[in-house]
Amino acid sequence: MLTGTCHCGTIGWTFDGLPDSATACNCTLCRRYGVLWIYDFEGGLIAVSGKPSIYTRADRTDPALEIQFCARC
């Protein structure tokens, strides 16, 4: 199981299992945060605790990419 939280601990997540692979995206947002992406669905292998804020890029509507984040930290 993989787990993580935001810096202040308000938002948490778990990935129940081990990912088969991870994606290193090179867009400006991902490069800024240095993230690796693993995939599943919330309610599937992914569980989120707390109430994250959601950012959706205005120019991306199909499919929309939502970034969930802690508005506190």
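**Note on the predicted model**

1. The protein contains 1 helix and 5 strands, taken as DSSP runs (H or I of at least four residues for helices, E of at least two for strands) and numbered from the N terminus. Read from the N terminus, the order of elements is β-β-α-β-β-β.

2. The model is predicted: local features need pLDDT of at least 70, side-chain atom pairs count only at pLDDT 80 or more, and totals for chains, interfaces and linings use all residues. Residues are numbered from 1 along each chain as its sequence is written, and side-chain values use heavy atoms, with hydrogens and water left out.

3. The C-alpha trace spans about 35 × 30 × 20 Å along its principal axes. Of the 73 residues, 14% are buried, that is, under 20% relative accessible area with a 1.4 Å probe, protein chains only.

4. Among contacts (heavy atoms within 4.5 Å) with a separation of 6 or more, 38% join residues 24 or more positions apart.

5. The largest pocket holds about 1,700 Å³ of space, the volume being that filled by probe spheres set on grid points joined across faces, edges and corners. A pocket is an open set of points on a 1 Å grid over the protein atoms alone, where a 1.4 Å probe fits, with protein on both sides within 12 Å along at least five of seven lines; lining residues have an atom within 4 Å of a point.

6. The lining of this pocket comprises 36 residues, with Val35, Trp37, Glu66, Ile67 and Gln68 nearest its centre. Helix H1 (28-33) is one of the elements giving two or more residues to the lining, and H1 gives the most, with 5 residues.

Notes: Buried means under 20% relative accessible area, exposed over 50%, partly exposed in between (1.4 Å probe, protein chains only).
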